[in-house]
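Okay, thanks for coming, everyone. Let me put the model up, and then I'll talk you through the aromatic side chains and one of the sheets.

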Amino acid sequence: MSPVFSPGRRDLLKALAVGITAPAAIAPALARGALSLFARELIVPPLLAGTADADGVRHYRLTMAPGVQELVSHRETPVWGYNGDYLGPTIRVLRGQAVHIRLQNALNQSSTTHWHGAHVPGDMDGGPELLIGSGRHYDYHYTLQQPAASLWYHPHPARRTGAHIYAGLAGLLLVDDGVGESLGLPHTYGVDDIPLIIQDRRLFADGRLAYMTHPHDIMGMKGDHILVNGREQPHWNAPAQWVRLRILNASNARMYNLAFADGRTFAVVASDAGLLSEPALVRELLMAPAERVEILVDLAQDRGRSVILQSDSRRVVPALSANPADSDALDRSVFPLLELRVGPRRSAPGTLPTHLATIPSLSAAGSVCRFVLRVNMKHHAMQSSPDMEMALPRTAPRGPGGMSMGMGGMEMFSINPFLSG
């Protein structure tokens with residue numbers, strides 16, 4: 001008989017006892033004696049496999065479009081997504097295979113799509129200079145000759161990148177070379193190999209996304225609702241075996257210190273560029289925005305149990321800045337991300353190899369590059385509109401549900417601003 005999970009207040013108290021504290025976003029549910037934590041099931045983004053033509057080129061189609069999503073229970077939010085309301089499908093690309101991705105822009109403004117971490121030609125990279133107008137499309141052609149890795153894709157228009165990602169445009173791009181499968185790593189997508197896209201979002205009472213609503217947001221936009229794959233603190237029906245979690249921090253500014261509430265050890269097997277040389281066994285792992293990591297968790301002995309993935313931010317994040325104001329309430333706490341409800345084994349079990357990849361050593365000798373980072377606060381007075389959104393030029397585009405596009409084109413940060421050539 002399959003285990004029955006019926007989380008209630010008692011389950012939450014047990015979770016709190018092993019280290020989860022309740023952030024402000026869930027405090028009202030506790031006060032009511034009700035439990036909204038982990039109530040909804042995790043959405044696993046669909047796998048976009050594409051179709052191959054007679055020449056061996058694999059073709060994919062993506063459309064950026066507006067939609068509506070229930071990011072937080074019982075509250076509809078206007079959002080943007082690829083091939084759906086929010087986020088995007090997981091694209092799997094084989095190493096060495098030519099691909100053609102047609103990207104259609106059905107938004108009300110120009111945008112781009114950048115293949116973050118992919119080794120592609122400049123005219124295929126989706127940078128700010130390659131805007132796709134509203135109602136138009138762009139054809140990306142490239143062949144990835146790089147080791148297997150969990151990459152991601154997202155918009156990259158000048159001065160609007162943060163807002164477009166905040167609106168929901170993001171997805172995973174998996175490069176596959178067969179090495180992980182040959183090593184015995186979990187590899188059945190959606191069963192023992194799943195993506196986890198972690199984001200924080202702030203909402204107005206009517207459900208609209210709140211972006212850059214406070215002057216301090218200019219130093220890093222953070223929200224008080226924590227989403228995993230577009231839902232606030234969901235649960236995943238996991239199998240009792242080794243599972244592979246491909247985790248992306250798609251938050252605009254928030255860092256997470258990943259850990260399990262029971263303090264268990266997990267294995268880091270891959271980072272941004274692909275597999276490590278050998279697994280790294282850890283109890284916590286700090287992730288910065290845009291960073292990817294692949295971890296393996298052994299759930300073989302956990303059937304019928306609940307395992308909580310959380311962020312133990314208070315241990316690490318506040319100490320990363322000398323300015324206490326850079327840390328908010330969540331940065332100074334422990335908060336839940338995902339509940340793993342462990343059921344029966346669902347596929348041939350994977351393993352944790354002792355050796356993963358052979359990584360060439362880098363030479364200690366090399367040229368020295370000097371980078372000067374500049375923050376310019378001059379001439380950037382900030383004003384607030386009645387609803388506390390940042391004031392923008394009248395011609396500035398706005399996001400879903402009237403969401404502000406942020407700082408209105410302020411050129412705040414630069415690298416080597418005084419150097420030429």
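So, the structure holds eight aromatic pairs. Here, rings of Phe, Tyr and Trp (its six-membered ring) pair if their centres lie within 6.5 Å; planes under 30 degrees apart are stacked, over 60 edge-to-face, and the rest tilted. Tyr82 and Tyr153 make an edge-to-face pair, 4.9 Å centre to centre with 70° between the planes. Tyr82 is in strand 4 (residues 75-82) and Tyr153 in strand 9 (residues 149-154), so this pair ties together parts 71 residues apart in sequence. Strands are DSSP runs of E, at least two residues, numbered from the N terminus. Tyr82 and Tyr153 are both buried, meaning under 20% relative accessible area with a 1.4 Å probe, protein chains only.

A quick word on ground rules. This is a predicted model: local features need pLDDT of at least 70, side-chain atom pairs count only at pLDDT 80 or more, and totals for chains, interfaces and linings use all residues. Residues are numbered from 1 along each chain as its sequence is written, and side-chain values use heavy atoms, leaving out hydrogens and water.

Back to the rings: Tyr82 and Tyr153 also belong to a cluster linked by ring pairs, together with Trp115, Tyr138, Tyr140 and Tyr142. Trp115 and Tyr140 are both buried too.

Now the sheet. It's open, with seven strands in the order 13-12-11-15-20-17-18 and mixed pairing; two strands pair if DSSP finds at least two bridges between them. Strand 11 (residues 193-201) runs parallel to strand 15 (residues 242-249) over six bridges. Which residue in strand 15 is the bridge partner of Ile194? That's Leu245.

Definitions and conventions. Helices (H or I, at least four residues) and strands (E, at least two) are DSSP runs, numbered from the N terminus. Buried means under 20% relative accessible area, exposed over 50%, partly exposed in between (1.4 Å probe, protein chains only).
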